[in-house]
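Reader: Could you take me through some of the labels used for this model and show what each one rests on?
Author: Gladly; let's take them one at a time.

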Amino acid sequence: MDIFISYSRQDRERVNFMAKALEAEGYSVWWDRDLRAGEEFDNVIDKHIKQSKAIVVVWSNTSVKSNWVKEEAEDGVVENKLVPALIDEIIIPRGFRRIQAAELQDSSADPTKSKNWPVFLESIRTIAGEGDGVEAGAQEMAAFGLSSAAQGQAPTKDAKTDTPFWKRPIGMVAGALVVLIAGLLAIQLGGIGGASSNGRLAGVPEDKAIVLGIYPNESFGIQQSNGLKASLDGFPALMVQDLDAPISAMKERDAPKVIEDLRAFLAERNVVAIVGPSITEFTPQVLEVIKESGQRPAIVLTTAGSRADLGWRDSDLPIFRVGSGVDERARQFKELANRAIAQGIGVTFMIETVPGSDAKTYGELFFDRVTQELGEATLSNWQSDGKVTTRTFTRGQINDAFSTTEEKAILDENRLIVIMGLSNDFKDLAQGQFRMDQPERKAILASWNNSHHVKALLEMTALQTDRLIDMTDVFESASYTGEKPEEIAQFESLFGPISPRWRLEAVAFDSGVIVKQAASEIEGEITADALVAVLRSRSFNGVTGRIFFNSTGQNTGDAGGLQRFYNVSYDPSSKGWREVGNLSSLMR
């Protein structure tokens, strides 16, 4: 058997393209994921891992969280036959980064269409040699009573798919019995749907101090998860538990599993801190659940939602924030807009919308806050003069707002286009309108926290980087008069030198740092009340600077060390970011 593919079940469709393409190259391929019930099948998997010439590990938003995938990747490292491939923009888990992964994210839906697919195939040939055909692999699978259909592939004409269940291999029967017995036990012990049967709580010790991380299970949520977990690695007094859902579900306030799990943890475990949520629209629902629970864990918000929209000052919950919110960002936009208008540069606000929804999006709330900062009279005058315009776009479809010649015209004006939405929208527009193979643009495209996307896009295609501006509160490592905190060395050893590219990881990392440093001062059991008291009483050393919370009133403090803002662009010559001091210097 030539190739063993390790992947996450949620990526089955994408991996199917890869498996078929490898078979077309003459390789025999094993790519199991559903066959996990029963000891016999574990033996089958171990056998195929050992017999394979190459172990392809498909790293994605979901597979980086899979213990199965990590274990199989470790087998590949130990046996020196790991061939990693990236199909999403994620950070490979620690321990597997030294082996260069084939970057197939540019064609995430079908990785075989990636421009780097030939490079991936060459890596396969280096480890596994040339493909010799699939007959041998089919015979091996047949020996275990497994057809290609059992792996998610279409059965061959000769495949026996009508074998009675009781005549199939013992392992299959054993697997079914295991599932049946587990189901009966679940009903007897807690009942279906009961809190005690909640999968999230299984294996979580009742006496453990828990930090819940609430973020999307895709895109920037992966980066935040990586940062939080890295900060608490090696600190056994605290245990991190993810509560996540797709971005769209959180934005539409339709993530019932997250809410259910949040209630269960607050009711049955010692939750001392919650980091997140990072989606503005989802935050009020989470805060309401916490309030109803009667528990008071430290809530370290990573959403950018304004204090007014979140009811921050009126809440009796212990709310903190590491990183800037739209209150701070709106003040920067005011300064930026004033400078642009004074220099003869127009401003176009691109505002995120969701058709058919009554709830305001993050982009709409952001624009409301900017309007307050600028003043409605000033903004109205600028709009009357044509200096400021606004456009709306549907989240995830921003390029549709530039589909006609008339709509594209602003790209040829001395204009600052500001995206008020997710950084994914910035990525899509940059890729759609600001590539080097497109007409040279006059307009500058700006958004918050998009450097990670710029870097990822540059690894796939050339961009007009001097037209792309990142507004950020993380530029480089914090400077200290004395010795650097050990947290900086820890962060840089995992992610690299601190830069705007790592902003999401850095802020999530510091959210964990303040919890860890506060917990280390508590004698005896770590409780939510004790943790909150320490957070309000002192400052903390983070990778982004000195972090402190104003203790003069309930939830009035800002995070220190993140109060300076930067406008930066990518410099291809230095492969890093440079500050943009004068927008007019960029105008063509």
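Reader: Why is Glu-79 called partly exposed?
Author: Its relative accessible area is 35%. Buried means under 20%, exposed over 50%, and partly exposed lies in between (1.4 Å probe, protein chains only), so Glu-79 belongs to the partly exposed group. A word on the source: this is a predicted model, where local features need pLDDT of at least 70, side-chain atom pairs count only at pLDDT 80 or more, and totals for chains, interfaces and linings use all residues. Residues are numbered from 1 along each chain as its sequence is written, and side-chain values use heavy atoms, with hydrogens and water left out.

Reader: What makes the pairing of Glu-79 with Lys-81 a salt bridge?
Author: The term asks for a side-chain nitrogen of Lys or Arg within 4 Å of a carboxyl oxygen of Asp or Glu. In this pair the closest N and O atoms are 2.9 Å apart, so the contact meets the definition. Lys-81 itself is buried, because its relative accessible area is 6%.

Reader: How many salt bridges does the structure hold?
Author: There are 26. One of them joins Arg-125 and Glu-25 at 3.3 Å, N to O. Arg-125 lies in helix H4 and Glu-25 in the loop between helix H1 (12-24) and strand E2 (29-30), so the pair ties together parts that are 100 residues apart in sequence. Helices (H or I, at least four residues) and strands (E, at least two) are DSSP runs, numbered from the N terminus.

Reader: Why does Asn-116 count as buried?
Author: Its relative accessibility is 18%, so it counts as buried. Asn-116 sits in the loop between strand E5 (102-103) and helix H4 (117-128), and a polar atom of its side chain lies 2.7 Å from the backbone oxygen of Glu-103.

Reader: And Glu-525, is that one buried or exposed?
Author: Exposed, because its relative accessibility is 59%. Glu-525 lies in the loop between helix H19 (503-519) and helix H20 (528-535).

Notes. A polar contact is a pair of N or O atoms within 3.5 Å; within protein, one must be able to donate a hydrogen and the other to accept it, and residues adjacent in sequence count only if both atoms are side-chain atoms.
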